[in-house]
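Hi everyone, thanks for coming. Have a look at the structure on the screen, and then we'll go through how its parts meet.

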Amino acid sequence: MNVRAMAAAVLVAALAVVAVGVGGASGGSSANTLTVWLQVDAQSGWSEVVAAANAQFKAQNPGWDVDVQYQTWGTHLAKFDATLAGGNAPDVIEMGNTEMTKYSAAGAFQDLTAISFPNKSTWLQGLAASGRYGGKIYGVPYYAGSRVVTYRTDLFRQAGGKIPQSQAEFIALAKRIGAKNKAKTFSPVYIAGTDWYVAMSFVYDYGGQIAITRKGKWVGTLDKPAALAGLAAYKRFFEASSRAPAGSNEGTPPPYDVMAHGNAASTYGAGWFTCCVGDYKSKVAQFVMPSHTKGQPIPGFLGGSDLAVPVGGSKDKAAAWISAFTDNASMTALRAKGNIPNTTSLLGTSVNERAARKSWFVPQSKNWVNVENGNVLRTMLQRILSGRSSIKDAASVASDNITYTLNQ
Amino acid sequence: MTVAAEAIAHRSRRRPRLKRIAHASVPYLLILPVIVVITAILGYPLYKLVTLSFQQYGLAELIQKKGVWIGFDNFSSVLHDEVFWRVLLRTVIFTAANVGLTIGLGTLIAFLLVRVSTWVRILLTAGLVLVWSMPAVVAVQVWVWMTNFENGILNYVLTELHVGDYTGHDWYGSTFSKLGMVTLLIVWGAIPFVAITVYAGLAQVPRELVEAAEIDGAGPGRVFRDVTFPVLKPIFLILTSLSIIWDFGVFTQPYLLIGSSAVDTSNYLMGVYVFIEGYSHSDFGRGAAISLLMLLIVAVLSIFYVRRMVKMGEAQ
Amino acid sequence: MSAVSEVAAGAPPVARATPRAASIRRARRRRLRRAVWNVVGLGVFLVLVFPVFWMISTAFKPDTEIHSSSPTWFSIHPTLQHFRDAMARPYFWEVVKNSLIVVGAVVALSMVVAFLAAVALAKYRFTGNKLFVVLVIGILMLPQAGLVIPLYVVLAKYHLTNHLMGLVLTHLVILLPFAVWTLRGFIMGIPKELEEAAMVDGSSRLGAFTRILLPLVAPGLVATSVFVFITSWNEYIFANVILTDQANQTLTVWLSYFYGTSRATDWGGLMAASTLTAIPVVIFFLLVQRKIAFGLTAGAVKA
């Protein structure tokens, strides 16, 4: 076969293929399209809420269309950075509440202070704080999730049954459960060693904090007595109830999987864990994690998302869409799916919501994300739980690291 | 110049000038498409990479599209960071281990492919392609699952085979163990390419030359040395140089297998280090500086093989 | 069976008259050796393929078996539900089409363009030959993390973001240096004698090169094209950043939605989806794999 003809044919075929591709995939969007970036949780969990908001927006703004592009948690910030550099950022973006401050401080978002959003006066404090920076509002609270104890009713009943009202009671219960289930991989309360969301809850429970501002500068405070007491309490609790390795994290394996395998009697994690405990689905219930003070709940970490408007987007239209997406109807629907709504006016008494009433949040510094990405807290916890360092030493190192990083 | 080439050269000298120019321009025309594509797409990014490395360029600067010139500050800050040097040493050792294992095991499998029956060869080749076709991100997910301490199949198999009691064993407990797992994953994923390429190279060894050597009385060892290896040499040089380049800068496998929650200064490899220090922290100027340093280092590491490859071209 | 393996097995090239018993013994030894190698080959196969087997086996297991505490090798009650769920996910068929278009274009374009450049580099003496080779290697050595954002900015200027063409060009840029470098090596590996023996009087140099070299380099071309296919098919970082609309994405990005949610990962679905993703690669390889082993000997024997 004539080689040159073959090469030419291949080239032509390739160009034809590309032409089809070019024609087929639409790259551009019309001038009156609102681009919205939501996380994929909305697509799989409450797509009808999104659809309702879109319909409402389109009815109120004739000539406008909405293009919702779903993103994943691992990569959406890198993609956001690229669009900021390229000048085609979306009009609305969903940000994790711990991610907001860094971008607000860098000037990535437009000022929304003047706009009256639904339920603005009753926004959930823990969530609204993350959307504020320098006295201005850059993010509208979207929804939240708190942490609760998910437990096996049969195993708890076997060991005495009473819901613990304090950490001391919980430790005693865990020991009793452990005595009745001696398998090497079984944890009465499965907690991953480096789950800093849990560990810091203990720290805040004793009045400690991760960092405070003094004269405009950040100071890490994990080496102060209150925080050290909290860390010691965490170590006591972990050693009594969890067989997870010191260096394990709460993602791998997921705690609900551990319960599904029959390797845990309970775990302290997100409220939606009950979906995925396998055969034990009918045998689990939840309660609020207690404080070391009897009868009080432990301060829980309030995870959640905010909605922001990046620079370069159409502020008024974006705000209109956000209002449609966070109004009472939407919030009621979100609450029905097991989420915590953004307004106290709709807050109910489910275990998830009760746990959210007392919460703590990370230091609101633009450099906090760097502390998280450097795994400073996780390294500290691994050192403490494996016995490689004393609590005081590990906390000192972490505290110095935090002071340095937050003041960059 | 060889006889045939000389004959052609003679003929071209007798041809008119225009034809000679046309002939001389042939190689340039051949490389033109590559140059056009690469310059159009990569030209600006390369320029940006160099200029960013001399600037203070964080998230705020990215949004305002304007950086602050700070000369060599990024480079000196990186070179004075002891973490950088520790990570460099760790990565060099890691690269040496990975490249050695990949090329060694891959070549052995290629020779194995030659020696087995046809049906085994087809099975093994299909297996290699299946391994090769797994996207890295998926392979990591499967490995994380197979090696997790709680119910991973690896612990189960080792315990069942009475190698020891591996119930609940944490394969990611120590830095050596973490990097060992990463090495296993990377070598596993890289073997198919090496095995299939070396096997393709073996197929290029012309039968008559082998037979001619045989008739001259050469045993298998000498046949390999005199006939097979010269054909394979450029292929080995390519594979080694590519492996060094890839393994030095690898990011996906260590970052995902060790986990974004567990990577820290005690187990950074260069690819992860540049991602965290530069892009995760949104310090793009620093990231660019580290990228250029990595380019320099990997060039030095692979210079031996690269020079050989370039020189081989000159002998033609 | 190729020439090398015949030599390795110790077959004598010239027939000789030998006592029957000795030749039978030799044949039996050969078969034994072959059997041993076969066992080794099967062992290597099992160890190598285990993770892939685990992925495929999981794809057929119902959720209860996947999350049970005792792992099972094969599913007791195999199900196709995960495959059905994966294919029912939003945009599955669009995404398959997109991946095929991108990879098809990248393989075709890169092989043609890279082969021509590799011929120039390997066979022609011209000023800038060495410089170009060094440039090609230099690009190979660049860490990709640093290029993502500037590349996105360039594509945005050309209005090629969220567009398959943008991804095709990006993949070309990443893969051309590799393809040129590798093909150059393969071309240089062709023994000179074969080339010269086939040089025909009166034909242009380029024509002779392509007509003679192409069949000789076919195995190398195929191996390189398989690599380009797989790399482009599995590429994630650039595809993820450049393609923001789910309708325009490729399979690897579509896969990331299985484990990128903050809620529970659907393992069965992910494994089924991953298995589906691997199928076109295997098909492509099966179509071209003959060329690797048998491509050359035809060309060589004719000479």
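How far apart do the C-alpha centres of domain 1 of chain A and domain 2 of chain A lie? They lie 29 Å apart. A quick word on the ground rules: this is a predicted model, where local features need pLDDT of at least 70 and side-chain atom pairs count only at pLDDT 80 or more, while totals for chains, interfaces and linings use all residues. Residues are numbered from 1 along each chain as its sequence is written, and chains are lettered from A and ligands numbered from 1 in the order in which they are written.

Back to chain A. Domain 1 covers 33–146 + 303–360, and domain 2 covers 147–301 + 367–406; such bounds come from an automatic or database domain assignment. Where these two touch, domain 1 of chain A gives 16 residues and domain 2 of chain A gives 18. Contact here means C-beta atoms, placed from the backbone, within 7 Å. On the domain 1 side, H14(A) brings the largest share, 5 residues. Helices are DSSP runs (H or I, at least four residues), numbered from the N terminus.

Now to the two chains. Chain A puts 44 residues in contact with 39 residues of chain C. The largest share of the chain A side, 12 residues, comes from H1(A). That side has 23 nonpolar, 15 polar and 6 charged residues. Nonpolar means Ala, Val, Leu, Ile, Met, Phe, Trp, Tyr, Cys and Pro; charged means Asp, Glu, Lys and Arg; the others, Gly among them, are polar.

Finally, chain C has domain 1 (3–59) and domain 2 (83–302), with 4 residues of domain 1 in contact with 7 of domain 2.

Conventions. Helices (H or I, at least four residues) and strands (E, at least two) are DSSP runs, numbered from the N terminus.
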